[in-house]
Every structure is written in structure tokens, then in C-alpha cells.
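Please consult the sequence and the 3D view alongside the text.

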Amino acid sequence: MHIAWDDLQTVEALVRTGSVVGAARELSLRHSSISRRVDALERALGVPLFLRGATLRPTPLGLAIAERAGRMRPLAVDVGGLIEEQRRARAGQIVITTNEVLASLLFGALRTCGFTQRVQVRISESELALEPGVTDLALRPSHTPGGALRGQQLGRLRLGVFRARAARPAPAAWVLPSENLRTRSSMRWWKAVPEDAEALVECDTLLGIRDACVAGLGRSVLPALLAEGDPRLVLEEKLPGGPPVWLLSAATRRADAALRRARESLSEALRSAPGVWED
């Protein structure tokens, strides 16, 4: 049978203080709340814990419960302190996860959105879960955000075919993505690369593909945010069908007003980034 800690500490306080008044004062409750808790617990157990009369006298079971609850009390206080410590630490910072490609977009938005909290950014190619109490927001390219995630689509990344500006004549070869990169659901744009494309280099990251293009090893499809501002690269062709990008939070944090304000502020800054999104 499950007994709530609130009920156990009520019994313990009643036995230790010897009165409803003393227990109510210690637990910051009304007298009636103390009485209701004890009555409900006795009904659930089917046995009395206190004998009512001129004074409130605990039964042997009431004494045994109070003795054990007294041993638990320091641990409960310690747990309460730990939770409060974590709450204060979380109140002063916000944790955002994203991938290496979108990191520059995130950092630019953070510069303009006016956060007062300290921001911890976790960069990973794996789609980290928004663990309650660990990660607050996720900036992700995704066609179908899954699980218990809620948020808003910011737009679709602008794409293009880029090559090295210094390459004369324009290279016929392509820099291709690895099999792992090509099969990601958020990177369907690789279909724009001809099936019979000649390739000298294959890379497993978009940053590596961009650097291979800069080195003149071939052309490739890249998000504009990685390539368009780079003077070493030139745009050959704009492409439609960029991947949607989402700013997400866990559904369990829906009632968190501070997180909602942070997400709205960051969302506005991200959407205002020039040259990133499809028209």
C-alpha cells in the first residue's frame, strides 16, 4: 500500500508535538487539514492511529509509523533542499541543443534576442531528447518532430549548388555526402545531385563538404547559411525544397511561462536571420 509522505510527516508531527495545534504550526497547515489527513489515512488503513479524548494519544501502530517517519525526515529535508537547489540553478540558465550546421544560426540569434539567463549550448549530431530538467529547447532540422515535442516551424533552409570561386573552369565533379548523411530524413535535398554524378570526395559532415568545395574538389548542394556568406564560394544555382527547421520544447514544459517567453524571443530572432530561409 502506498502512503504519501505528507501523511507520514503529519503522523510524525502529531506524535512528536502531542497536539493538532503543534503539528499544524510546524507543517504550516490549518487544524482542519491535519484532522482531515489523519481521518483519511485511518480510513485507508482500516485501523485507528490515535485515540481521541482529552488528549490525542497514538496507538501502537501510530507510534511505529511516527518512529519510522522520524528516521525518514532528515532524508526528506535533504531531498527538498536538493530540489530547491536545482530549481534555483535552472532558473538562472537555459539549455539549448542543436547540431553543428545550425549552431552559427543559433549563436547569431542569441546575440540579438536579449536573453538575461545564462545560455548553455549543447552541439551534437544526434537528436538529443529534451530531458525534463536537463534540456529546455532544441533547434533541429526535421520534417516530422516526434515524441512528446511541441514547437513551431521557423521556415525552410535556403539551398543552392555551390563551388569554389577560384575554380576555373567550373569543376564537373561533385563532393558527395556519405551514406549515413544521405539517408537522414532531414537531408532529402541530396536528390538534387545527379545519380550519375562524378565524385572525387565523399564526406560525412556538411562542414567537411563545404571545405572540400572551397578546396576546389567539386561542387555540392549546401544550405545558404553555410556557404552564401563565404567569399571563397560562388552560387551556381538556387534549389527549392530546403528542410524545415523547428524550435522545440518538451510538451511537459507547456505551462512554463519563462521558457515560453524565451522560446518566442529566440524564434523571432531566428526567423529574422538574413539569407537563411526560402522566400
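## Basis

The model is predicted: local features need pLDDT of at least 70, side-chain atom pairs count only at pLDDT 80 or more, and totals for chains, interfaces and linings use all residues. Residues are numbered from 1 along each chain as its sequence is written, and side-chain values use heavy atoms, with hydrogens and water left out.

## Overall form

The protein chain contains nine helices and 12 strands, taken as DSSP runs (H or I, at least four residues, for helices; E, at least two, for strands) and numbered from the N terminus. Its radius of gyration is 30 Å, well over the 19 Å that the globule rule gives for 279 residues, so the chain is more spread out than a compact globule. That radius is taken over C-alpha atoms, and the rule is 2.2 Å times the number of residues to the power 0.38. Along the principal axes, the C-alpha atoms fill a box of roughly 105 × 35 × 25 Å.

## Burial

Of the 279 residues, 41% are buried (under 20% relative accessible area, 1.4 Å probe, protein chains only).

## Helix 1

Helix 1 covers residues 5–17, 13 residues in total, and reaches 18 Å from its first C-alpha to its last, close to the 18 Å expected at 1.5 Å a residue; the expected span is 1.5 Å times one less than the number of residues.

Leu8, Thr10, Val11, Glu12, Ala13 and Leu14 are the buried residues of helix 1. Gly18 follows helix 1 and has a positive phi, near 80 degrees.

Conventions
Buried < 20%, exposed > 50% of the residue type's maximum accessible area, 1.4 Å probe, protein only.
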